[in-house]
Amino acid sequence: MSSRDLLIRGRGITKVFGYGAAKTTAVDTVDFDFHKGEIISIVGESGSGKTTLAKIIMGLLKESGGSIDYKGQPRVLRRHADRKKYWKDIQAIFQDPFSSFNLFQRVEKLLLSCIRLQGLKLTKEEQFNKMKEACSFVNLKFEELYNKYPFELSGGQMQRLMIARIFMLHPKVLIADEPTSMVDACSRSTILDMLLKLRDENEMTIIFITHDVGLAYYVSDTIYIMEKGQIVERGPAEDIILNPQQAYTRQLISDVPKIHTAWDLG
Amino acid sequence: MKNSFNILIKSPKFMLGAGIFIVMLALVLIFPMINRKDPLEMIALAFQPPSSQLWLGSDNFGRDLFLELMYGIQTSIRVGLIAGVFATAIGLIIGLASGYIGGIVDNLLTSITNIFIVIPSFIILILISVSINSRSSLVTAIIIGITSWPWTARAVRAQTSSLRNRDHVHIAKISGHSTPRIIVFEILPYIASYVVMAFVLQTASGILSEASISMLGLGPYNTISLGIIMNWALVFEAPVAGAWWAFIPAALSIALITFSLYMMNTGMDEIFNPKIRS
C-alpha cells in the first residue's frame, strides 16, 4: 500500500470519559492509517475501547485529544453540513440488528432515506428499482418486505437490510462493529461474503471491529490488536496471527476454540 | 400507533376509566344546554335538602347545586386539562433537551428540575396565587401547570438519554438527519405512550390541585369549580347546618374524575410497559 492511497489517518487519538476519580481513559493515544480498499480488523476483548474508537472514527463521539485526517485534510465536523458530507463517505453497521431499526418506521423508509442522503432526485419507479436492486444484492425480496415493520423480520434479515443500506450508499469507508456477533452461524458467513463482495466492487475500506481473532484473520489485510485503550500490536494479518509479538495477542489467539483439537477447559 | 390503540380498547381498566370520564364529560356538556338557567341565580331558600325540583338541594345563597355542580365539573376538567398540557409540554421540552443534548446543558437542566422537585409545589402555587390580582381559571390552570412539570421532565430525561445511545439513533445521525428530525421521529415515538400516561396523571393531579387551592379561597374568580363549591360550603358552614348535599356531591365528583383518570393510566401502564408488552 502506498501512501497515495491513505484515506484516514489518526494521530494520538484519546478519549476520556468522566473526570476526577471517575475518570476513565477508553482510548489512549491511538495512531492508525487506513488505506483505500483495505480491510482492517480492530481486535480486542470487551471494554478494550474498540467500539469507542469506532464511534470516534464515525464522528459520533468527539475525541478528547489527537487529530484525524480524512483524504489528507484535517477532518471538520463542526457544522451539520460538514457532518452530512462526511457521512456520505463513512457509514456503519452495528452489532445489534434489533436496535439498529426504528421500530415505528417501515423498512421502505430506511432505504428511502439513503436515497435522500445521496441527494438523488429520482422518480418513484427509479427509487423502487434502486431499492429492489439493493435488496436482491443481499438476497432479500423487496416486494415482500417493503411495507413490513422491523419487528416482523428475523435478525439475519435485519442485518442483511443494513448491508443493503450500505450497498445503496456506496460509502468509501464502512465501519462494521461486530456485525455478525448476533446472527446465527449460517447468516454469518453470508454476511461476511457480502461485505467482501462490496469491497471488491467498490474498493471500499472496511474496518471490522471484533473480538474474534479467527474472523479477523479470515477477512482482513491488516490487524490492530487493542488492549485497555491502546494499540499493542499492528501489522499484516499473516504476521500477527502466525508470529505474534505480544503476550496479549498470543493469549487472544490461543483462546480461539478449535474444532479439531480437544478443548482444555480446566 | 393504531395497533396500540386497538390493544388499549381491549383493556378493561382503561375502558372503565375512559367510560366514566366520557359519560361525565358528556353529562356536564349537555346538561347546561337543556337547563339554560344561570347557575348563580338564587332560586330557593338557603340549604334546601334535595327534592324533585332541586336534585341536589340548594346552597347557602339558595342556588341550584346540581346546576352548579355541572358547571363546576366543567371548569375543573378544563383547568385540569390545561394544567396537564402545560405540565406535560414543559416537562417534555426540558426532559428532551436535557436528555438529548447531555453534558453541561443536562447538568444545568437537571439541577433546575431538582430544585423544583424539592420546593413543595403547593407552596409555590399558594404564593403565586396570592400575589396575582386577577385570577381567571386559565391563570390558575397555567400556575398549576408550571409548578407540576418536574417529574415528567425527570422521567423523559431518563428515557431520552438511554434512547440517544441506541443504534437506530446513530443510524439516523449517519443518514444525515437533522437533530429536530431525529427527536421527532426516532425519540418521540418511543416515549409517546409514556408522555400520554404522564399527561393523564398530570390532568388528574391538576384537578386535585385546583380543588385544594380553591378550597383555600385562592382559586379563580367569577367562575364555579368543584373546589369553589367546597369553599362556599366551608365558608358558609354547610357542615354545621347539616347540609351534606352542599359538599359531598362535589367531593365525590372530584374523586370520581380522578379515579377515572388514574384507572385509564393504570390500564395504559399495563399495556405500554415494555416488559409486559409484545
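Modeller: A salt bridge is a side-chain nitrogen of Lys or Arg within 4 Å of a carboxyl oxygen of Asp or Glu. By that rule, the count between chain B and chain A is zero. This is a predicted model, in which local features need pLDDT of at least 70 and side-chain atom pairs pLDDT 80 or more, while totals for chains, interfaces and linings use all residues. Residues are numbered from 1 along each chain as its sequence is written, chains are lettered from A and ligands numbered from 1 in the order in which they are written, and side-chain values use heavy atoms, without hydrogens and water.

Polar contacts, by comparison, are present: eight residue pairs with both members at pLDDT 80 or more join chain B and chain A in this way. Such a contact is a pair of N or O atoms within 3.5 Å; within protein, one must be able to donate a hydrogen and the other to accept it, and residues adjacent in sequence count only if both atoms are side-chain atoms.

About 1,800 Å² is buried between the two chains, 57% of it on carbon and sulfur atoms. Of the area that chain B buries against chain A, B:Asp167, B:Ile171 and B:Ile174 supply 34%, more than any other three residues. Buried area here is the accessible area (1.4 Å probe) that two parts lose on being put together, summed over both.

Let us now turn to chain B as a whole. It has twelve helices and zero strands; helices (H or I, at least four residues) and strands (E, at least two) are DSSP runs, numbered from the N terminus. The C-alpha atoms of chain B fill a box of roughly 75 × 45 × 30 Å along the principal axes. An unreviewed UniProt entry lists transmembrane regions in chain B, among them residues 14-34 and 182-201; UniProt positions follow the numbering used here, feature names are shortened, and annotations may be inferred rather than shown by experiment. Residues 14-34 of chain B are 100% helix, and their end C-alpha atoms are 30 Å apart. Residues 182-201 of chain B are also 100% helix, with end C-alpha atoms 27 Å apart.

Chain A carries the annotation "domain: ABC transporter" over residues 8-253, from an unreviewed UniProt entry. That span of chain A is 43% helix and 26% strand. Although salt bridges between chain B and chain A number zero, the count over all chains is 16. In one of them, the side chains of A:Arg9 and A:Asp69 meet at 3.6 Å, N to O. A:Arg9 lies in strand 1 (residues 6-17) of chain A and A:Asp69 in strand 4 (residues 65-70) of chain A, so this pair ties together parts that are 60 residues apart in sequence.
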